[in-house]
Amino acid sequence: MSDTQDFLFKPYSMGGLTLPNRIVMPPMTRSRASQPGDVPNELMAEYYAQRASAGLIVSEGTWISPLGKGYAWTPGIHTAEQLAGWRKVTDAVHAAGGRIFAQLWHVGRLSHTSLLNGASPVSSSAIQAKGVNVFVADAEGKPGFVQASEPRALSVAEIHAIVGEYRQAARNAMAAGFDGVELHAANGYLVNQFIDSNANNRKDEYGGALENRLRFLGEVAQALVEGTGDAARVGIRLAPLTTLNGCEDADPQTTYLGAARLLAGMGVGYIHIAEADWEDAPHMPVDFKQRLRQAFPGTMIYAGAYTAERAREALEQGWADLIGFGRPFVANPDLPERLRTGAPLNLHDRATLFGGGERGLTDYPVLETEEA
């Protein structure tokens with residue numbers, strides 16, 4: 001199949017950017033930021049630049065403020081040192097011909113007091129994510145997983161302050177050279193804790209009715225539009241059916257179609273759907289995907305255990321514009337070329353996903369190296 005016939009390799013225009021293919025590297029936590037300060041570094045710059053042949057890269061989740069941190073050694077985007085570190089990453093990706101958005105992250109209740117200088121995590125409501133573990137490091141730097149701490153509910157004034165932190169984070173991302181930003185509103189993190197009915201028991205304007213549960217999403221999205229100066233450079237990641245990290249909604253189709261309509265009215269550039277991709281995961285019906293397409297006229301990205309064949313079918317059917325390939329990008333820096341030629345894929349080493357150095361991050365072979 002020639003590239004002109006292959007849906008995966010048709011160029012795509014988004015927010016003034018021309019993407020050479022429909023392949024997205026979605027956000028993946030790798031916990032390699034330099035300490036102290038959780039600063040992006042040269043190793044991370046090399047990692048992202050190696051993968052610049054993706055149509056679009058979305059960075060790993062990047063916390064917007066100290067209280068938004070939920071995992072050890074993850075990068076922030078609120079100090080001068082962090083911005084300088086991210087500039088190394090964006091410069092390297094652009095020099096390699098790529099495009100990269102920053103995923104802006106506040107984990108809410110999915111954190112631990114040891115990561116927050118003893119403070120309690122915050123959430124829409126004082127509901128603990130029981131049975132959910134987060135990645136921490138002890139006083140000697142030894143990593144491990146612990147139960148997420150019990151959160152406290154945010155006051156309305158604190159909610160407004162966090163919206164301001166998102167706005168500033170978007171400004172910081174653009175100052176650091178990113179091409180745009182993506183809001184992490186999926187997988188049980190803070191924005192998702194407002195959206196999904198079982199994580200939100202508020203009785204004020206941020207809880208109860210769907211309009212209220214979507215209010216925080218809308219306010220944050222508007223703040224990102226203001227922070228970037230361009231709605232087309234703002235994306236939103238949603239996870240209607242994943243039930244990850246204790247978040248679940250009583251009527252997800254109604255809720256997330258409502259979210260899509262809200263975001264459509266704001267003119268944001270894309271919605272990035274994280275599909276459940278584990279065994280026995282909830283299935284996302286094609287009819288639901290088609291209804292989301294009707295509700296949102298912008299770019300639709302889907303990610304979740306897609307093969308090249310499934311990706312091409314999604315693009316051909318029209319309910320997706322771009323497809324994210326997560327785990328395959330970990331071990332295959334040249335993934336687009338492998339998908340184009342049908343070459344075999346390297347398998348990733350699970351033991352090196354979180355923390356460490358170059359092993360399992362930048363040392364995976366590309367096709368030319370393997371052939372040699």
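**Notebook: loops and helices**

I began with Asn117, which I found in the loop between β5 and β6 (122-123). I kept in mind that this is a predicted model. Is Asn117 buried or exposed? Asn117 is exposed, with a relative accessible area of 80%. I then looked up its backbone. Asn117 has a positive phi of about 55°, although it is not a glycine.

I turned to Asn187. This residue sits in the loop between β10 (180-184) and α4 (190-195). Phi of Asn187 is positive too, near 55°, and Asn187 is not a glycine. The setting is what I checked next. Asn187 counts as buried because its relative accessibility is 13%, and the cut-off for buried is under 20%.

I located Asn21 in the loop between β2 (17-19) and β3 (23-25). Asn21 is buried, at a relative accessible area of 4%. What is Asn21 in contact with, leaving aside neighbours within four places in sequence? I noted Leu8, Phe9, Lys10, Ser53, Ala54, Gly55, Leu322 and Pro336. I also looked up a pair of C-alpha atoms.

Next came Pro36, in the loop between β3 and α1. I looked at the peptide bond that joins Gln35 and Pro36. The bond is cis, with omega about -5°.

**Helix α2**

I moved on to α2, residues 80-95. This helix has 16 residues. From first C-alpha to last, α2 reaches 22 Å, close to the 22 Å expected at 1.5 Å a residue. Which residues of α2 are buried? I listed Gln82, Leu83, Gly85, Trp86, Val89, Thr90 and Val93. Seen down the axis of α2, these buried residues fall within an arc of 160°, so they line one face of the helix. On the other side, I found Ala80, Glu81 and Ala95 exposed.

I asked what covers the buried residues of α2. The cover includes α1 (42-50), β4 (56-63), β5 (100-105) and α3 (156-175). Just after α2, I came to Gly97, which takes a positive phi of about 90°.

**Helices α3 and α6**

I recorded the crossing of α3 past α6 as right-handed.

I then went through the residues that meet. From α3 come Ile159, His160, Ile162, Val163, Tyr166, Arg167, Ala170, Arg171 and Met174. From α6 come Phe216, Glu219, Val220, Ala223, Leu224, Glu226, Gly227 and Thr228. By class, I have 10 nonpolar, three polar and four charged residues in the contact of α3 with α6.

**Helix α8**

My last stop was α8, residues 286-295. Here Phe288, Lys289, Leu292 and Ala295 are buried. I finished by looking up their partners. The buried residues of α8 pack against α7 (252-266), β12 (270-274) and β13 (299-303).

How values were computed
Residues numbered from 1 in each chain as written. Predicted model: local features only at pLDDT ≥ 70, side-chain atom pairs only at ≥ 80, totals over all residues. Heavy atoms only, no water. Helix = DSSP H or I, 4+ residues; strand = E, 2+ residues; numbered from the N terminus. Expected span 1.5 Å × (residues − 1). Buried < 20%, exposed > 50% of the residue type's maximum accessible area, 1.4 Å probe, protein only. Arc of directions from axis to C-beta. Contact = heavy atoms within 4.5 Å. Left-handed = near helix turned anticlockwise from the far one by under 90°. Nonpolar A, V, L, I, M, F, W, Y, C, P; charged D, E, K, R; others polar.
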